[in-house]
Each structure stands twice: as structure tokens, then as C-alpha cells.
Amino acid sequence: MSQGNFCSLCSLTDKGPLSVFLYIRMQNWGLNTYLYGPKDDLKHRLLWREAYSPDEEGQLRTLIAEAQSRGLRFVYALSPGQDIVFSSSSDVTLLKRKLRQVSDLGCQAFAILFDDIDHSLCQADSEAFSSFAHAQVFVTNEVYRFLGEPPVFLFCPTEYCDSLCSPSVSKSPYLQTVGEDLLPSITVVWTGSKVISRKLSLDNLAEVESVLQRPPLIWDNLHANDYDSRRLFLGPFKGREPQLRGHLSGLLLNPNCEFEANYIPLHSLGSWFRTGNDENKGEGKGNDMCEYCPERALSAALRDWMEELNQPLQAGNFRFLILDSDCKMDCRSIFNTTGQEGEKKRLNQSGQCHQPPPGSRSGGGSRDQKGQGRGLCSGKGLLSESQVRLLVGLHYLPHEHGPSAQKLLQDLTWLKSNCHLVSTNNKKSPPQVEEWRGRASRFQSLCEDIAQLHCSVVGGANRAVLYDLYPYVWDLRNMALVAKAFVCWLGCGKSTGVDVLGMESEPWVFKGGVSGEVQMLLPIGNSSELFTHPPPLFPTSRLYNIRPYHGKDKVRGTSGHEDQGEYPDSLLYHFPSQLRLDALPELVDISVSRTLLATLLTALKANGSQGVFCEVQPTDRQRLEFLTKLGFLEILRGEARSREGVVLGRLL
């Protein structure tokens with residue numbers, strides 16, 4: 001691959017309409033290469049020795065031909081490293097046969113990937129080769145010659161970034177062998193200083209180029225999200241100066257698993273590639289094309305994306321077929337087309353989601369309590385640009401939050417740290433109290449904006465975007481509801497003001513992105529089972545408001561807590577707080593009960609409680625299962641007030 005040819009990396013299951021749509025986008029944005037290597041294609045990695053069936057051949061032939069007809073280079077990647085015996089003539093023959101089969105389908109570019117595998121050699125290979133690197137290089141060179149030395153042939157080493165090199169890039173025997181013995185026309189893949197590099201520097205690339213004795217091809221994991229199911233990266237291509245182009249053989253972007261989440265990453269990658277292009281030099285002086293600006297690229301991408309976000313894409317439209325397959329991939333993939341076939345069929349003609357019929361009780365629900373705070377969000381219609389910017393800001397980049405996420409986390413941290421200002425024992429001046437309440441009000445407004453964003457995505461016309469982004473806006477909405485309720489509770493002046501975080505770390509260390517960091521700022525942030533739950537089968541815009549308990553509220557069927565004395569003192573010592581959680585029978589969304597419970601436990605922990613318990617009838621299997629999944633353990637049986645109940649407890 002000649003210097004200056006840049007590309008986007010792709011792996012996917014659907015080899016038809018989705019690929020066509022992707023190719024159109026790539027063509028429009030100036031991207032020129034598609035790399036095929038999906039982990040759900042078992043014959044790419046796990047079953048690499050097996051040849052493709054006639055039907056599979058037909059699908060691949062169509063995929064290759066469609067790419068080439070649009071001026072795109074199709075690269076077929078194979079990952080044999082997990083179990084190949086390098087010294088086995090049989091394995092080498094099968095490797096050649098597999099790549100020859102794809103070559104006969106019209107493919108002219110290939111990649112052999114040896115990433116994320118064990119460095120050790122089997123006994124036969126240890127006797128045949130002096131090192132792991134020599135074994136890989138020998139097989140790669142032989143296959144490259146067998147295919148007639150194609151113009152594009154990529155090799156992904158096992159040490160593919162600075163942090164994986166031993167002892168360092170310049171002193172790595174593995175990389176030295178690759179640089180010296182791998183045929184010079186074969187391109188070597190590199191990810192940067194880390195697997196997911198925040199920035200790429202000229203100095204680092206110069207060192208790599210020197211050791212490899214060729215310009216590397218960057219496999220960029222900046223937007224890859226398959227290592228954390230709660231994270232999404234909608235921010236622009238960033239941290240890679242256009243001047244890097246002269247030191248690279250190419251650049252492959254490995255974006256989010258969800259197709260629609262990659263509009264801004266790929267759009268901005270195209271802007272980055274075009275910036276500094278020789279065609280723009282000389283004629284672009286004084287205009288925006290002279291220098292790449294991530295913020296400007298983001299605005300341009302948003303402007304174009306807004307036109308698609310509000311398009312009525314329904315089932316039957318070829319762009320909606322991304323919902324038809326279920327793939328599970330690792331960091332080498334680009335798209336994970338989540339299986340939602342059942343949901344697609346349940347969409348009516350207007351694009352709205354049918355709600356499931358009531359009839360099952362959720363979260364140990366009781367029929368004798370009136371529901372309050374239920375409401376259907378009026379988020380139907382068009383997504384506004386401000387909402388999309390909020391969405392992007394909350395799901396920005398792995399090492400950097402957008403403005404809205406920064407504001408959310410900073411305000412929650414400040415409100416939690418300064419809750420003593422509104423304590424009932426506070427003697428501070430009114431201005432300090434007003435400052436706290438003002439920031440609390442703005443924080444709660446931002447939480448409401450997040451909830452409204454969720455509603456707008458659910459009620460939007462573009463169902464493809466809905467199903468790709470829904471798990472993420474759902475997760476963040478639930479976390480925002482808990483945080484909002486917690487701040488509301490702090491405003492009641494009940495908190496002891498104790499330090500409830502207990503740890504300091506860089507903001508990107510916690511899994512879950514913004515949701516994970518908000519979770520860690522709550523008193524029970526390490527209780528992941530309380531916060532992690534899948535979205536409902538049917539996307540819904542129904543919202544529930546969580547607020548502190550008031551004296552005027554009444555709990556039916558109990559006389560309150562004045563009879564705690566009937567429980568053993570040993571129980572009350574370790575679990576001083578008694579819980580009763582009820583839900584209406586028509587409440588089929590179990591996450592509401594989980595969110596309510598998480599909010600309650602957060603408030604109890606912040607107020608100094610060290611444990612909570614509740615009594616459940618042994619016949620109430622649903623409630624027992626619900627609480628057990630949330631970390632409650634059986635403490636007493638047959639010794640509660642009813643002499644039949646089971647007492648479950650959980651330490652905070």
C-alpha cells in the first residue's frame with residue numbers, strides 16, 4: 001500500500017444492503033479501503049482452516065465486487081494465530097487454500113493477523129524455528145509469495161503497540177526480527193503507544209518505522225467500544241495530526257460496534273484525510289481545508305447527520321436491515337449489528353413501538369399500592385441539534401468527555417462534597433446555601449435534559465438510530481434519574497456529609513463511561529449489580545420521577561417501622577434499615593424497581609446506614625429472585641414477625 005492511502009476498517013455480518021450503504025458513505029467521504037474481518041464469521045478466526053461454502057462464496061463475491069465497483073479496496077483478513085502450527089505443511093497448505101479461495105472470488109488485497117495470541121510455540125515449532133517471530137515471518141512470507149505478491153498485504157504482529165513490546169520498541173527482539181526478515185513489500189500494522197492511543201506522535205512513529213524498516217499502517221482503535229458494553233464514542237477523529245500522513249502506509253479506523261454510531265467518526269476521518277491533501281494545497285490557503293480542526297469537523301458531521309437522524313427509516317428500508325444479525329466481535333471489528341429481529345417485527349406502520357400487555361408483576365410488585373409519578377414523555381418528533389450535541393457530549397471519546405459530560409460530573413462531585421452547606425445543622429450564610437441549591441437546580445435540569453433526550457430518541461423517526469443507540473441512552477437515563485434523586489435527597493439536609501467515594505482515579509479508568517463515573521460518585525458506586533441491567537425488549541419513552549419520602553406519604557398494609565423490636569438485636573445491629581419495596585402490577589419495566597432501590601440504598605449509605613433488610617414471604621418467588629439478584633442474602637427464616645417470612649439482608 002503506497003504512502004498516503006488511507007482507509008476505514010470494517011467487519012460486519014450482513015453482506016448485502018448494509019454493505020452497500022456503508023460503501024456509499026465511504027465513497028462520499030473519500031475513504032478508500034474496506035477490511036473484512038468479523039469475528040462472527042467463524043471461518044475468519046476460530047475455523048480459519050475451513051473453506052467457504054458455495055453460498056458463502058456468493059456472498060463474499062458480491063461484497064468484493066460491490067466495493068470494487070465504487071472504487072474501494074477490499075481487504076480480506078484471516079486470523080490463524082490461535083492454533084496454527086507454523087511448522088506443519090498441512091496447516092500452511094490450508095492457509096494458502098483459504099486465501100486462494102478468496103482470491104478466486106476477485107479479492108486482490110489480504111491481511112494476516114497475529115494479534116492477541118500467546119507468544120509460546122508448540123514443541124514442533126520450537127524445534128523448527130528459533131523464535132516466535134521467525135515462525136510468523138516464515139509463514140507470512142511464504143503465503144505472500146504464493147498469492148503472487150499482491151500489491152496490498154498486511155501483517156499484524158503480536159507486539160502491535162508500544163505497551164506490548166518487550167522490553168521496548170527499539171529493543172524488542174520480536175520487532176527486530178519482523179523488520180529484518182519480513183519481505184519489504186508487506187505492510188506492518190501498528191496501533192500506537194497503546195492498544196487505544198490517545199494521541200499519535202511523529203517521534204513515536206519515527207521509532208517504529210526505524211525498527212520495522214518500513215512506514216507502519218495505523219490500526220486506530222480510538223472509537224472501538226467492544227471492550228465495554230456501556231460505552232459509545234460519538235466524538236470526532238482527534239489526536240492525530242495530518243502531518244502523520246507522510247510517515248504512514250495508511251490508517252484503518254476501528255469504530256463502534258453499532259453502525260449508526262459511526263457517522264461522526266467516519267465523517268470526521270474523511271475530513272482529516274482531505275485536510276492537507278496535495279489536491280487542497282495551494283488552492284486552500286486561507287480556507288478551512290488548510291488545517292484540520294476536530295471541532296469544525298464535528299460541526300460539519302453534525303450538520304450532515306441531522307438530515308438523516310430525522311428521516312423516517314422503517315423496517316423494509318434497506319438501511320434498517322442492520323438489525324437482522326447478531327455478531328460478537330473483539331477489538332478487531334467495527335460493527336456489531338445487535339440482534340433485534342423480534343423487535344423490528346413488532347414495530348407498527350407508524351414506527352412507534354407497541355407496549356407489552358400488563359399482567360406480570362415486576363420487582364416484587366404489590367397490588368395494593370397506588371402508583372405515583374408515572375408519565376409518558378412527550379418526546380415524539382424531531383431530534384434537535386442541541387439534543388444531538390448533548391448525545392455526543394455524553395458519549396465522546398475514550399480519554400475525553402464532551403462539555404455536557406464534564407459539567408454533569410463536575411457538578412455532582414461539587415454537590416456531594418459540599419452537601420454540608422444544606423445540612424440541618426449548617427450555620428453557614430444564606431449565599432452559600434443558595435449557591436448549592438442553584439447548582440443543584442442546574443444539575444437536575446441537565447438530568448431532565450438527558451431523560452428528554454432518551455424520549456426523543458425513542459420517539460424519533462429514524463428507527464435504525466433508535467435500535468443502535470437505545471441501550472446507551474437508556475443506561476445513561478437511568479443513571480441520571482438516580483443521580484437526580486440523590487441530589488434532591490441531599491437538598492433535604494439529611495446527609496451526614498461523609499466521604500462516600502473513597503478513591504481517586506483518572507476519569508476514564510472506570511468502565512461504563514459517563515454512566516460508570518456517575519455511578520462511582522454515588523455512595524454505593526461499587527455495587528454494579530444495582531446499576532447494570534439490559535433495556536426493555538420494547539423501547540419505551542415512559543419516565544418515572546424518583547423523589548424523597550415525605551411524611552404525608554402512606555405505605556399501605558403496614559403500620560410503619562415502630563415494631564422493629566420484634567427482630568433480633570443482632571439483626572438490627574448489622575442491618576439497621578428496614579426496606580419495603582412495592583410496585584403496581586402493570587409495571588412491567590423491572591428497571592424502575594431497580595432504579596428506585598438503588599436510589600434508596602444510596603441515600604441510606606450517605607446517611608450512615610451500614611445495612612438494610614426486608615421480609616419476604618417464601619412463596620413470593622418473584623420478589624425473592626429480584627432481591628437475590630441485587631445482592632440480598634437470606635439471614636433469617638421462620639423468625640420474622642409472621643413466623644413464616646424470610647428475612648433478606650444486604651450490607652452497604
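Two strands count as paired here if DSSP finds at least two bridges between them. With that in hand, look at S2 and strand S3, residues 109-113: they pair in the parallel sense, over four bridges. Within this pair, Ala-77 stands opposite Ala-111 in S3. To get from S2 to S3, the chain passes through helix H3, residues 89-104, and this β-α-β crossover is right-handed. Please keep in mind that this is a predicted model.

Now the other partner. Strand S1, residues 33-36, also pairs with S2, in the parallel sense and over four bridges. Here Tyr-36 has Tyr-76 in S2 as its bridge partner.

Five of the six residues of S2, residues 73-78, are buried, so the strand is largely enclosed by the rest of the structure.

Next, the whole protein. There are 18 helices and 13 strands. The protein has 652 residues, and 56% of them count as buried. Its accessible surface comes to about 27500 Å², with 50% of that belonging to carbon and sulfur atoms. On contacts: taking those between residues at least 6 apart in sequence, 78% join residues at least 24 apart.

To recap, S2 pairs in the parallel sense with S1 and with S3, and five of its six residues are buried. That is what I have for today.

Notes. Residues numbered from 1 in each chain as written. Predicted model: local features only at pLDDT ≥ 70, side-chain atom pairs only at ≥ 80, totals over all residues. Heavy atoms only, no water. Helix = DSSP H or I, 4+ residues; strand = E, 2+ residues; numbered from the N terminus. Buried < 20%, exposed > 50% of the residue type's maximum accessible area, 1.4 Å probe, protein only. Contact = heavy atoms within 4.5 Å. Areas by Shrake-Rupley, 256 points an atom, 1.4 Å probe, with all protein chains shown as cover. Right-handed = clockwise from strand over helix to strand, strands pointing away.
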